[in-house]
Amino acid sequence: MRDYVKERADAPRGFFAAEAAGLRWLAEPDVVPVVSAIDHDNGSLRLDYIEESAPNAHLAFGFGRQLALLHNSGASAFGWAPAEPAWFGPLGSPFEVEVASCSSFTEFWVETRLEPMATALADHLSQDHRETITSAIRALADGAFEGISGTGGENPARVHGDLWAGNLMWTPAGCTLIDPAAHGGHRLEDLAMLALFGTPFLEEIFAGYEATNPMPVGWRNDLPVHSFFALLAHVRLFGAGFLGQTLSAARSIIDRAADLKG
């Protein structure tokens with residue numbers, strides 16, 4: 001059997017342990033393929049090797065169904081993670097994120113993700129940019145996004161946490177998940193990440209998802225809320241090139257919150 005080894009001699013404490021734990025937790029419900037973590041130490045993670053192929057509409061639809069089932073398998077709380085410390089970001093420059101079992105999505109998203117990120121960026125932003133980001137976080141803090149499209153409330157979902165296109169590996173049998181930042185979260189987190197930077201056959205993925213988990217009208221208008229942390233993280237990790245997209249998302253959040261309030 002072939003394997004693949006991720007290595008970084010100076011990886012932060014617990015980085016590879018967190019990834020291995022996240023992979024096992026996502027695989028636990030046995031509803032979507034997840035790359036197998038064979039073993040790990042402080043400086044490396046050994047994984048099963050995956051032979052990639054091109055995606056197609058049929059496989060994408062099937063993956064959408066599987067992702068819905070993964071979310072439905074649930075988590076114990078918003079912000080809970082299968083290992084501590086937990087990390088977000090690429091192998092070369094990850095940063096630690098808080099692990100905390102929160103009573104609501106709003107508490108988790110605002111207090112453990114968005115506010116710490118805004119604080120970390122404050123000295124690198126203009127006053128106008130800081131005010132725009134702060135206004136978006138305040139709009140979120142009112143609880144308008146506990147559910148979807150302003151209705152209901154969500155139970156904690158089992159989410160991948162960094163589900164952009166580069167963390168999907170397509171094979172002839174379907175899609176395999178890699179490189180998670182797994183935690184208990186809002187299910188729109190993963191859907192927002194799929195949409196954020198473009199994913200092949202995104203419409204087919206969404207169609208498969210909705211075939212299993214029907215969604216309220218207008219649900220896509222909520223997506224900037226759930227990609228906002230990742231965008232702020234990209235500004236932190238990669239610089240001002242992502243600032244325009246981040247500020248646009250902040251304004252969309254403010255407008256969406258106002259629309260939902262009527």
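Helix 7 gives the most to the lining of the largest pocket, contributing seven residues. The model described here is predicted.

**The largest pocket**

- The space inside the largest pocket amounts to about 860 Å³.
- The lining of this pocket consists of 47 residues, and the closest to its centre are Gly89, Asp162, Asn167, Asp179 and Pro180.
- Several elements each supply at least two residues of the lining, and among them are strand 1 (3-7), strand 3 (44-48) and strand 4 (86-88).
- Helices also contribute at least two residues each, including helix 1 (15-27), helix 3 (105-121), helix 5 and helix 7 (223-238).

**The hairpin of strands 2 and 3**

- Strand 2 (residues 37-41) pairs with strand 3 in the antiparallel sense, and four bridges join the two.
- These two strands form a hairpin, with two residues between them.
- Ser44 is located in strand 3, where it is the bridge partner of Asp41.
- Is Ser44 buried or exposed? Ser44 has a relative accessible area of 14%, so it counts as buried, since the cut-off for that class is under 20%.
- Beyond its neighbours within four places in sequence, Ser44 is in contact with Val5, Lys6, Glu7 and Phe16.

**The hairpin of strands 7 and 8**

- Strand 7 (residues 168-171) and strand 8 (residues 174-177) run antiparallel and are joined by four bridges.
- Two residues lie between strand 7 and strand 8 in the hairpin that they form.
- Within this pairing, Leu168 stands opposite Leu177 of strand 8.

**Helix 6 and its buried face**

- In helix 6 (residues 202-212), the buried residues are Leu202, Ile205, Phe206, Gly208 and Tyr209.
- Viewed down the axis of helix 6, these buried residues fall within an arc of 160°, and they therefore line one face of the helix.
- The cover over the buried residues of helix 6 includes helix 2 (57-72), strand 7 and helix 5 (188-196).

**Cysteines**

- How many disulfides does a search of the whole structure find? The search finds zero disulfides.
- Cys102 is buried, because its relative accessible area is 8%.
- Cys175 is also buried, with a relative accessibility of 0%.

**Backbone features in loops**

- The peptide bond that leads from Glu84 to Pro85 is cis, and its omega is near 5°.
- Pro85 belongs to the loop between helix 2 and strand 4.
- Asp30 has a positive phi, near 60°, although it is a residue other than glycine.
- The loop between helix 1 and strand 2 contains Asp30, which is exposed, with a relative accessible area of 67%.
- Phe201 is not a glycine, yet its phi is positive, at about 60°.
- Phe201 is placed in the loop between helix 5 and helix 6, and it is partly exposed, with a relative accessible area of 34%.

- Lys261 is part of helix 8 (residues 243-261).
- With a relative accessibility of 57%, Lys261 counts as exposed, because the exposed class covers values over 50%.
- What separates Lys261 from Gly150 in sequence and in space? The two are 111 residues apart in sequence, and from C-alpha to C-alpha they are 8.2 Å apart in space.

Definitions and conventions
Residues numbered from 1 in each chain as written. Predicted model: local features only at pLDDT ≥ 70, side-chain atom pairs only at ≥ 80, totals over all residues. Heavy atoms only, no water. Disulfide = S-S within 2.5 Å. Buried < 20%, exposed > 50% of the residue type's maximum accessible area, 1.4 Å probe, protein only. Pairing = 2+ DSSP bridges. Arc of directions from axis to C-beta. Contact = heavy atoms within 4.5 Å. 1 Å grid on protein atoms, 1.4 Å probe; cavity = no way out; pocket = protein on both sides within 12 Å on 5 of 7 lines; lining within 4 Å. Points joined across faces, edges and corners; volume = space filled by probe spheres on them.
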